Amino acid sequence: MKVYFWNEIPLSEQQYLLTRPISDHLAAVEEKTLSIINTVKAEGDAAIKKFATEFDNITLDKIEISANELIAAKSCISEKAKQAIIFAKQQIEITHLSQYPKTYYTESISGVICEKQARPIGQVGLYVPGGSAPLVSTLLMLAIPAKIAGCSLRILSTPANIAGKIDPHLLFAASCCDISNIYKIGGAQAIAAMAYGTATIPKVDKIFGPGNVWVTSAKMQVANDPLAASIDMPAGPSELLIIADENAN
């Protein structure tokens, strides 16, 4: 592999490399996403299973992870991996506990009381993308603040692999965060299921987590429906800059 230094690349190519891509298919994505959302609203679990076959080429007999699967995940990963997940969880907890909002109470004059309270959202849906690797860090950074905040129901949605399974590292991390409601679905259909609810998946008040263009489109569309769920924010593009010299590993 040949390494090119930035000053060796022609200016015209630099401009091309730095230009953020613009999709001309967003309208089609939004239209297809709306169709998926409406199908999930109308057909519920049946639509979830149908889309798993259509998009992911898997057959889902059951949408929800069983308690036995959660227990079995602990024996499927190394002790080193377990300790790494536990260590990361502890560090994230320390950070978020330090940010826990305080209740402010003051009586400016006799009979005039001003108070500021922070109350947890009741039911939250956490979306963790699938793909080439299990995003354990995403799960931890969503689940831990939700637990510290005191959200009464915390559910997790993440797509299954080609074998219809969830990576055991994710399941172990979910167990560490006291999440037992885990569903093997991804994409726009997962967002729709959490936003409106199905026979298996409870409706939530707010959805958190990043995703691809389909997930982002679905989140934005359900957020515009007062009968659905609110969202954290549309996930934008991720950018990475690596600065290194000949001494870098």
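Predicted model: local features only at pLDDT ≥ 70, side-chain atom pairs only at ≥ 80, totals over all residues.

The side chains of E79 and K82 meet in a salt bridge, with 3.9 Å from N to O, where a salt bridge is a side-chain nitrogen of Lys or Arg within 4 Å of a carboxyl oxygen of Asp or Glu. Both E79 and K82 belong to helix α5, residues 79-98, and sit three residues apart, about one turn of the helix; helices here are DSSP runs of H or I with at least four residues, strands are runs of E with at least two, and both are numbered from the N terminus. K82 counts as buried at 17% relative accessibility, given that buried means under 20% relative accessible area, exposed over 50%, and partly exposed in between, with a 1.4 Å probe and protein chains only.

Residues are numbered from 1 along each chain as its sequence is written, and side-chain values use heavy atoms, with hydrogens and water left out.

Helix α5 also holds E93 and K89, four residues apart, again about one turn of the helix, and these two form a salt bridge whose closest N and O atoms are 2.7 Å apart. K89, at 14% relative accessibility, counts as buried.

Which residue forms a salt bridge with D178? That residue is K147, and the closest N and O atoms of the pair are 2.5 Å apart. Because K147 lies in helix α6, residues 136-149, and D178 in the loop between α7 and β5, the pair ties together parts that are 31 residues apart in sequence. K147 is partly exposed at 34% relative accessibility, and D178 is likewise partly exposed, at 47%. The count of salt bridges comes to five.

Turning to the backbone, most residues other than glycine have a negative phi. D178, however, has a positive phi near 60 degrees, and N57, which is not a glycine either, has a positive phi of about 60 degrees. N57 is found in the loop between α3 and α4 and is exposed, with a relative accessible area of 58%.

As for the whole, the protein chain has nine helices and seven strands, and of its 249 residues, 35% count as buried. Its C-alpha atoms fill a box of roughly 70 × 50 × 45 Å, taken along the principal axes.
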